Amino acid sequence: MGSIPAFPSAAGPDLKSSLAPPEPRDLAAVDPGKLGGGGGGAPCCSGSPAIAAAGSAGVSDVTKKKIVKGDAGYVLEDVPHFSDYIPNLPTYPNPLQNNPSYSVVKQYFVDFDDTVPQKIVVHKDTPRGVHFRRAGPRQQVYFESDDVHACIVTCGGLCPGLNTVIREIVCGLYNMYGVKRVLGIDGGYKGFYARNTIPLTPKVVNDIHKRGGTILGTSRGGHDTKKIVDSIQDRGINQVYIIGGDGSQRGASLIFEEVRRRGLKVAVAGIPKTIDNDIPVIDKSFGFDTAVEEAQRAINAAHVEAESVENGIGVVKLMGRHSGFIAMYATLASRDVDCCLIPESPFYLEGAGGLFEYIDKRLKENGHMVLVVAEGTGQELMSKSIESLDNSKDASGNKLLQDVGLWISQRIKDHFSQQGKMAINLKYIDPTYMIRAVPSIASDNVYCTLLAQSVVHGTMAGYTGFTSGLVNGRQTYIPFYRITEKQNKVVITDRMWARLLSSTNQPSFWSPKDVIEVKREEEPPKELLDDQICTEDGLVGIGKETG
């Protein structure tokens with residue numbers, strides 16, 4: 001972990017001590033000339049009345065990104081705090097000081113300067129790079145327990161672990177901070193203005209982690225920022241916990257911006273949820289381990305079916321719209337898979353080195369084979385023959401995918417039927433909704449607990465507009481824009497994909513020209529110079545760094 005360099009602050013004494021709340025000193029190190037901050041040399045994003053007034057009039061792009069620069073190329077991408085736009089807020093001692101569960105912990109408060117590096121593999125001359133604020137309890141909080149009115153909402157598709165996260169947020173608020181008012185918003189974002197709520201207590205959520213799905217219900221779409229914030233304001237809610245994928249986190253960012261524009265003391269925090277593991281920056285998303293584990297059952301069934309007959313082929317379709325992590329890790333874990341196809345790695349069917357030739361080879365060698373395919377694979381190949389669904393989208397704005405499992409199964413059958421040299425017996429298994437509807441396994445339950453408790457610590461400490469996530473094995477607070485800027489994808493020129501190719505012995509289906517093109521696209525950016533990091537438009541280039 002890194003720490004924030006000790007910079008002198010124009011706002012008061014050195015705030016290096018963890019006793020001090022995060023005041024304007026957070027950005028005292030930022031050159032206001034580069035950020036185009038307030039007049040008179042006031043640092044951008046400070047908690048001054050001038051900035052508070054600017055917030056009520058409409059927040060500029062500059063205030064969305066809190067950047068602290070230090071020696072040796074250190075960059076902290078900080079998260080917003082109440083003190084950025086509401087001055088002179090009172091603070092209170094953290095109730096954890098009197099919590100018997102924490103009395104045996106040697107150091108249970110996180111130092112204010114603790115940060116976590118995004119990259120841990122460096123050279124001796126490498127700049128320290130981007131860091132995120134370390135998650136955990138602070139000695140001072142910005143809410144009194146009796147004043148907290150929290151709400152939790154789940155959005156988007158199902159994922160193992162949703163109920164565990166809900167349970168641990170509720171229990172964390174009750175047991176660690178003495179908060180007694182927690183609402184569940186029923187049915188996703190639209191539940192805010194439909195006035196559907198579920199009172200949540202430790203008793204209500206006690207056993208929900210043993211069930212799949214979400215007790216709050218979920219939906220896609222339905223996001224109306226003004227209506228949602230109006231509802232938050234009308235209900236007197238001051239902590240909002242949003243569990244959802246990249247689309248839901250974009251919605252959370254809009255809610256935060258509107259809350260800040262109105263000058264409300266409302267903490268808005270997200271917990272990233274995606275079964276595809278396609279959220280950037282974080283090590284992995286909750287529910288992913290469960291999905292990989294559950295996928296083994298489908299792969300095992302396909303293998304049994306395939307090896308029990310002559311020239312048997314088992315085809316398994318797994319989730320992965322744009323990222324093939326589930327398919328890749330399930331294949332590596334199984335060792336029974338002969339070929340894995342993912343969206344990041346194009347393939348072709350016919351001709352030398354194509355999929356049909358490889359299937360023919362494996363059947364002649366082993367008498368059977370198992371093919372795993374991610375749902376977003378081969379969409380361009382299919383669109384050439386099926387145009388009707390090409391531009392259709394769901395309520396969240398996601399493109400509706402054609403069923404690659406059915407399509408590739410039929411193409412394989414047609415190919416061997418037309419050849420007439422080999423009779424095949426193909427079985428197709430689609431466990432998609434079975435995988436995402438199961439309860440989370442033990443490792444995911446532990447991860448969900450850490451995420452939930454970290455996000456509660458953050459909101460109680462006055463942080464807002466952030467997502468709680470694991471970076472290099474440490475819980476951190478990450479600005480919304482880093483979570484929503486791009487999708488995490490399998491890097492097919494990386495060693496993990498090479499390990500898969502080595503395990504399955506499948507061809508890459510790539511020409512040397514294709515590899516050169518991909519390497520050029522994935523080439524990491526050159527190290528940023530000082531004057532390239534902070535500009536009038538905020539942060540430039542940092543988002544291009546890989547997680």
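This is a predicted model: local features need pLDDT of at least 70, side-chain atom pairs count only at pLDDT 80 or more; totals for chains, interfaces and linings use all residues.
1. Aromatic pairs first. The count of aromatic pairs comes to 7. One to look at is F288 with Y329, an edge-to-face pair with 5.5 Å centre to centre and 85 degrees between the planes.

2. Where do F288 and Y329 lie? F288 belongs to helix α7 (residues 288–307) and Y329 to helix α8 (residues 325–334), so this pair ties together parts 41 residues apart in sequence.

3. Next, a cluster and its neighbour. F82, Y85 and F143 are linked into a cluster by ring pairs. F143 also has a charge over its face: K265 lies there, 4.8 Å from the ring centre.

4. K65 lies over the face of Y481, with 5.0 Å to the ring centre.

5. Finally, please look at helix α9 (residues 355–366) and helix α11 (residues 404–419), whose axes come within 11 Å and cross at roughly 70 degrees. Angles of 65 to 115 degrees count as roughly perpendicular, and α9 and α11 are therefore roughly perpendicular to each other. On the α9 side the contact is made by L355, F356, I359, D360 and L363, and on the α11 side by I408, R411, I412, H415, F416 and Q419. By class, this contact of α9 with α11 has 7 nonpolar, 2 polar and 2 charged residues.

Terms used:
Residues are numbered from 1 along each chain as its sequence is written. Side-chain values use heavy atoms; hydrogens and water are left out. Rings of Phe, Tyr and Trp (its six-membered ring) pair if their centres lie within 6.5 Å; planes under 30 degrees apart count as stacked, over 60 as edge-to-face and the rest as tilted. Helices (H or I, at least four residues) and strands (E, at least two) are DSSP runs, numbered from the N terminus. A charge sits over a ring if NZ of Lys or CZ of Arg is within 6 Å of the ring centre and within 35 degrees of the ring normal. Axes are lines fitted to C-alpha atoms, for helices over the stretch in contact, and angles run from 0 to 180 degrees between N-to-C directions. Angles under 35 degrees count as roughly parallel, over 145 as roughly antiparallel, 65 to 115 as roughly perpendicular and the rest as oblique. Contact means heavy atoms within 4.5 Å. Ala, Val, Leu, Ile, Met, Phe, Trp, Tyr, Cys and Pro count as nonpolar, Asp, Glu, Lys and Arg as charged, and the others, Gly among them, as polar.
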